[in-house]
Amino acid sequence: MSSNEDGGDVMSEEFVLTGWSKLGGLVRDTRLSKGLSQVALAARAGVARSWLARVEAGHRGVELEPLLRLLAALDLTLTLRSNADARRQTRPRPDRDRAASMERPSPPQDPPDGVGAGLRAASEARRASWGLPVTGTRSDDDG
């Protein structure tokens with residue numbers, strides 16, 4: 001948070017609300033950060049304290065008009081944007097991903113010797129002698 005010219009706190013973050021409980025948590029956290037009680041905030045927003053308590057608890061079915069008054073009382077603004085815009089902002093950037101992958105060590109590889117191939121051949125021979133399919137994979141009933 002930063003301060004505006006009136007000395008009040010200003011949120012410089014954006015929040016993506018994906019459900020009623022996230023909305024309620026944002027309202028509660030903002031109210032508490034401003035040092036407001038539910039009674040004081042409800043009076044400032046012109047809503048009932050019980051309604052505010054339900055919003056903070058994540059109850060569904062909040063009406064838009066009182067919600068907008070509540071957000072205004074918290075100095076918050078509701079911004080709507082298309083999901084396409086949100087996806088564009090979170091789309092991976094190939095240049096950054098390529099640089100990050102170059103820094104990561106590669107996973108260990110099997111040694112190039114014939115040990116793995118020898119074990120697989122012995123396993124397949126054993127499965128064939130027992131009358132089991134020789135596919136190189138185990139099924140759930142032959143383990």
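**Close-up views of a predicted protein chain**

**Figure 1. The side chains of Lys34 and Asp75 form a salt bridge, at 3.9 Å from N to O.** A salt bridge is a side-chain nitrogen of Lys or Arg within 4 Å of a carboxyl oxygen of Asp or Glu. This pair links distant parts of the chain, 41 residues apart: Lys34 lies in the loop between α1 and α2, and Asp75 in the loop between α4 and α5. Helices (H or I, at least four residues) and strands (E, at least two) are DSSP runs, numbered from the N terminus. Lys34 is partly exposed, because its relative accessible area is 27%, and Asp75 counts as exposed because its value is 61%. Here buried means under 20% relative accessible area, exposed means over 50%, and partly exposed is in between (1.4 Å probe, protein chains only). Asp75 also has a positive phi of about 60°, although it is not a glycine.

The model is predicted, so local features need pLDDT of at least 70 and side-chain atom pairs count only at pLDDT 80 or more, while totals for chains, interfaces and linings use all residues. Residues are numbered from 1 along each chain as its sequence is written, and side-chain values use heavy atoms, with hydrogens and water left out.

**Figure 2. Glu14 and Arg81 meet through their side chains in a salt bridge of 3.4 Å, N to O.** Glu14 is exposed, because its relative accessible area is 64%. Arg81 counts as partly exposed, because its relative accessibility is 37%. A search of the whole structure finds 4 salt bridges.

**Figure 3. Asp29 and Arg28 are joined by a salt bridge between their side chains, at 3.9 Å from N to O.** Asp29 counts as partly exposed, with 48% relative accessibility. Arg28 is partly exposed too, with a relative accessible area of 33%.

**Figure 4. Helix α1 (residues 20–33) has a buried set of residues.** The helix has 14 residues and reaches 20 Å from its first C-alpha to its last, close to the 20 Å expected at 1.5 Å a residue. The expected span of a helix is 1.5 Å times one less than its number of residues. Leu23, Gly24, Gly25, Leu26, Val27, Thr30 and Arg31 are buried in α1. An α-helix has 3.6 residues a turn, so residues three or four places apart point the same way. What do the buried residues of α1 pack against? They pack against α2, α3 and α4. Gly35 follows α1, and its phi is positive, near 70°.

**Figure 5. Glu56 is a buried residue, with a relative accessible area of 6%.** Glu56 is placed in helix α3 (residues 49–56). Leaving aside neighbours within four places in sequence, Glu56 is in contact (heavy atoms within 4.5 Å) with Gly24, Gly25, Val27, Arg28, Arg31 and Gln38.

Figure 6. Leu64 is found in helix α4 (residues 64–73). Leu64 counts as exposed, because its relative accessibility is 51%.

**Figure 7. The protein chain has 7 helices and 2 strands.** From the N terminus on, the elements run β-β-α-α-α-α-α-α-α. Of the 143 residues, 19% are buried. The mean pLDDT (the predictor's confidence in each residue, from 0 to 100) is 75, and 63% of the residues reach 70 or more. Which elements have the lowest and the highest mean pLDDT? The lowest is strand β1 (residues 2–3), at 40, and the highest is helix α2 (residues 38–45), at 96. Over residues 1–11, pLDDT stays under 50, and the model has 16 contacts beyond four places in sequence for them. Residues 138–143 also stay under 50, with 3 such contacts.
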